Amino acid sequence: MCSLSLFPPPMPQGYVTLYELNNELVAASSYETLHRGYQGQGPDLPPVFIRKESLKAHTRLEHSTKAAFIHHQETVWKRSANAWQDAGLSGLLDELTKAPEEVPKWLQTISCFAQAVFRWVSSLHGSLFPHLTLSNEDMIARFSQAIDWAGCPLRAFAWHPHTDKFAVALLDDSIRVYNAKSETIPTLKHRLQKNVAVLAWKPLCASMLAVGCQSCVLVWHVDPSSLSTRPSSGCAQVLSHPGHSPVSSLAWFPTGEKLLSASPVDTAMLVWDVSTENCVPLQRVGGGGVTFLSWSPDGGRVLATTPSAVFSEWYSCCTWMCEIYKVSKIFFQTGCWNPDGSRLLFTVLGESVIYSLVFSGTSGELQGHVGGSKTACIVADLSDATFEVGDKEVRIGGEVQSMAWDPSGERLAVLLKGKPGAPDIPESQTIIAVFKTRNSPIFELLPCGFIQGECNTHPQLISFHPNFSKGALLTVCWSSGRVTHIPFYFVMTQFPRP
């Protein structure tokens, strides 16, 4: 089993990681060195550096401004209908209990009793699933794959699956689309595009980008040949469903036929037919919501995680079937599939290890189980390791925020959260650990190295380019607002691309 103590020491502070060559990570004092040595070796990607100060202040309020517009002489029935539309059953009961002179005595009594029962049930549900008591922004930040979703200029990132194009969601709720073949940078804005949690490009399509927002899913149609830098809001479809917000995760079927969406407050994940804007809920009892979705590359399985101690795997072949697994008494954090969908790596909150589950290639039968007498296999130990770097001690290790497995199946990037130090113990850095992966004759993770950024910055998001022909290309979004692309040059042997 691989551990961080087997890794080569990180570079001294002030050095940035540029690329991997001959199985070693190369660093220098500036990213400009990469630009000179990278000429002709990969896609000519546009530079991205968005400072927080350049974005407009994020000052939108969550509360409604309806009191400024609704006339207060409306009947109680009209106000109740509006409250039902805005806040559901809770809003309706509030409106009826606040108007004792306008409703019959018996109706007010029933409303007060129903409101008390509703609040008691909500309180009980909140004690079982504490995340339900959070605000929308806090809930998104809690389940985001980003280290600091609330404070970083970059909130979400997504590569297009077939071209050298990517989208970045920003702190001011706008989205920018960058293309290696165009100098035009479209900026997407919509009145419902608030608190963006996730982005997902539709496979086998050049223009469709799904956006998970606070109240809905937006599907943008961004014409790649257009020279417009501000596409109209009419270019976006709105997909919404009662009780399904905020949207924390999205996943397209590998051929783009279906779109899945998930919300931490909804125990059902929704299967959308985007063309008709209709959805089918896949209901699973318990768990308190769905926080993270990941479709296997072969399209046969979907990983769906919850804010409780269970996660589920759905089989999408022919009919939808669900299998529930327990991960002890802690929460699932993140997971990723290998290129053929036969292995799932995942981590859980509060543990510094990577687990592995193996599935058969054709029948879909599970070969390892989580919980009980049979457990998932631990393949990496990420406990703290101390390195001597110059005249200082550097501590690295801890819990995992997110993971990314490159399409060749030979590099695994793990984003470590880091943790504060103590009087006699240095703090653990927020850093990216990269493993080399081997599938034959047995599966194992081997140390590659650590990826570092500029001083006083930490990695926020990680994602691999889906079609880098010379090995793997890792994109890192940093807390400073910079986006860097780090190439790993090697000959692919395990899952060669066609």
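## Ala 385 and its surroundings

Once neighbours within four places in sequence are set aside, Ala 385 is in contact with Leu 4, Ser 5, Val 394, Arg 395 and Ile 396. The model is a predicted one, and in it Ala 385 lies in strand E25, which spans residues 385-389. Because its relative accessibility is 7%, and buried means under 20%, Ala 385 counts as buried. Between Ala 385 and Gly 398, which are 13 residues apart in sequence, the C-alpha to C-alpha separation is 9.3 Å.

Leu 4, one of the contacts of Ala 385, belongs to the largest nonpolar core, which has 26 residues, and together with Ile 354 and Phe 435 it touches the most other members. At least two residues of this core are supplied by each of the strands E24 (377-381), E25, E26 (392-396), E27 (400-405), E28 (411-416), E30 (431-438) and E31 (444-451). Phe 435 is in contact, leaving aside its neighbours within four places in sequence, with residues that include Cys 2, Leu 4, Phe 7, Ala 380, Leu 382, Leu 412, Val 414, Leu 445, Leu 446 and Cys 448, and also with Glu 410 and Arg 411. Another core, of 23 residues, lies apart from the largest one, and among its residues are Val 48, Cys 152, Phe 157 and Tyr 489.

In soluble globular proteins, nonpolar side chains tend to be buried together.

E9 pairs with strand E10 (residues 208-212) in the antiparallel sense over four bridges, and Val 198 stands opposite Gly 212 in E10. The two strands form a hairpin with six residues between them, and Leu 204 in the turn has a positive phi of about 60°.

## Helix H4

In helix H4 (residues 136-143), the buried residues are Met 139, Ile 140 and Phe 143. These residues lie on the same side of H4, because the arc they cover around the axis is only 100°.

## The four-stranded sheet

Four strands form an open sheet in the order E13-E14-E15-E16, with antiparallel pairing. Strand E13 (249-252) and strand E16 (278-283) are the edge strands, each pairing on one side only, and from one strand to the next the twist averages 25°. Strand E15 (residues 268-273) pairs with E16 in the antiparallel sense over six bridges, with Val 271 standing opposite Val 280 in E16.

Conventions
Residues numbered from 1 in each chain as written. Predicted model: local features only at pLDDT ≥ 70, side-chain atom pairs only at ≥ 80, totals over all residues. Heavy atoms only, no water. Buried < 20%, exposed > 50% of the residue type's maximum accessible area, 1.4 Å probe, protein only. Contact = heavy atoms within 4.5 Å. Pairing = 2+ DSSP bridges. Core = buried A, V, L, I, M, F, W, Y, C linked by side-chain atoms within 4.5 Å. Arc of directions from axis to C-beta. Axes fitted to C-alpha atoms, helices over the stretch in contact; angles between N-to-C directions.
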